[in-house]
Amino acid sequence: MAEPIMAGPVALRTSPLSHLQERMRAAAVTGARGVTLSEVPFLTMVNVRVDPASAAAGRIGRTLGAPLPRRCGNTTASGLHTIMWLGPDEWLVLSRADAGAVSAQVRRALDGDPGSAVDVSANRTVLELSGPSAREVLEKGCPLDLHPRVFGPGHAVSTTVGPIAVLLWQLDDAPTYRLLPRSSFADYLARWLIDAMGEYGRP
């Protein structure tokens with residue numbers, strides 16, 4: 001008799017918004033006023049702390065293939081990695097690579113110098129909002145000026161949408177935005193966005 005196959009912990013993972021997938025799909029609006037919402041689950045996220053003027057910061061940039069951004073709102077990217085500025089000595093690395101591998105690479109680049117690399121992938125999830133009306137949906141509850149002359153592709157900042165604190169990142173001119181809330185607040189934010197999208201599906 002064959003032994004049962006046991007699912008590993010990765011196979012058993014459930015994303016914070018798996019229960020809302022159908023609601024998000026049903027809320028999609030097509031056409032000139034189109035806007036869609038989806039979850040991009042299980043992205044690797046590594047928090048990096050290091051002195052930006054140190055040799056270690058340069059080594060980390062070379063390891064990741066892109067320098068650590070130096071200004072609020074800036075991001076850099078290379079291959080599987082996008083690096084977001086969080087503070088004068090703090091960054092978030094988003095990646096499609098394995099979290100353990102990314103963390104280990106950054107720690108090796110530190111080479112004993114002061115700094116840290118911590119896997120925070122379980123701390124947040126990612127919502128993707130896209131379409132001609134995406135900016136208008138966000139403007140219902142985001143205090144930032146999101147006009148293209150001020151906020152465009154490659155920008156990422158900490159802000160709020162509705163009452164929820166998020167990292168807001170614009171990917172392209174569609175526009176497509178990615179919102180990174182804490183996992184425990186993702187349900188509320190997704191429902192808020194679904195409600196805000198509702199008017200664009202009406203004549």
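This is a predicted model: local features need pLDDT of at least 70, side-chain atom pairs count only at pLDDT 80 or more; totals for chains, interfaces and linings use all residues.
Two strands count as paired if DSSP finds at least two bridges between them.

Strand β5 spans residues 90-95. Strand β2, residues 44-49, pairs with β5 in the antiparallel sense. Six bridges join β2 and β5. A hairpin of two residues leads from β4 to β5. Strand β5 is mostly covered, with five of its six residues buried.

Helix α3 covers residues 99-110. The helix has 12 residues. From first C-alpha to last, α3 reaches 17 Å. This is close to the 16 Å expected at 1.5 Å a residue. Its buried residues are Ala99, Val102, Ser103, Val106, Ala109 and Leu110. Seen down the axis of α3, these buried residues fall within an arc of 125°, so they line one face of the helix. The cover over them includes the strands β2, β4 and β5. Helix α2 (55-64) and strand β6 (116-119) are also part of that cover.

Thr36 belongs to strand β1, residues 36-39. Is Thr36 buried, partly exposed or exposed? Its relative accessibility is 37%. Buried requires under 20% and exposed over 50%, so Thr36 counts as partly exposed. Which residues does Thr36 touch, leaving aside neighbours within four places in sequence? The contacts of Thr36 are Ala28, Val29, Glu128, Leu129, Ser130 and Met197. Thr176 lies 140 residues from Thr36 in sequence. In space, the C-alpha atoms of Thr36 and Thr176 are 9.4 Å apart.

How many aromatic pairs does the model contain? The count is zero, with pairing requiring ring centres within 6.5 Å. A charged residue does sit over a ring, however: Arg13 lies over the face of Phe42. The distance from Arg13 to the ring centre of Phe42 is 3.9 Å.

Key: Residues are numbered from 1 along each chain as its sequence is written. Side-chain values use heavy atoms; hydrogens and water are left out. Helices (H or I, at least four residues) and strands (E, at least two) are DSSP runs, numbered from the N terminus. Buried means under 20% relative accessible area, exposed over 50%, partly exposed in between (1.4 Å probe, protein chains only). Contact means heavy atoms within 4.5 Å. Rings of Phe, Tyr and Trp (its six-membered ring) pair if their centres lie within 6.5 Å; planes under 30 degrees apart count as stacked, over 60 as edge-to-face and the rest as tilted. A charge sits over a ring if NZ of Lys or CZ of Arg is within 6 Å of the ring centre and within 35 degrees of the ring normal. The expected span of a helix is 1.5 Å times one less than its number of residues. The arc is that of the directions from the helix axis to the C-beta atoms.
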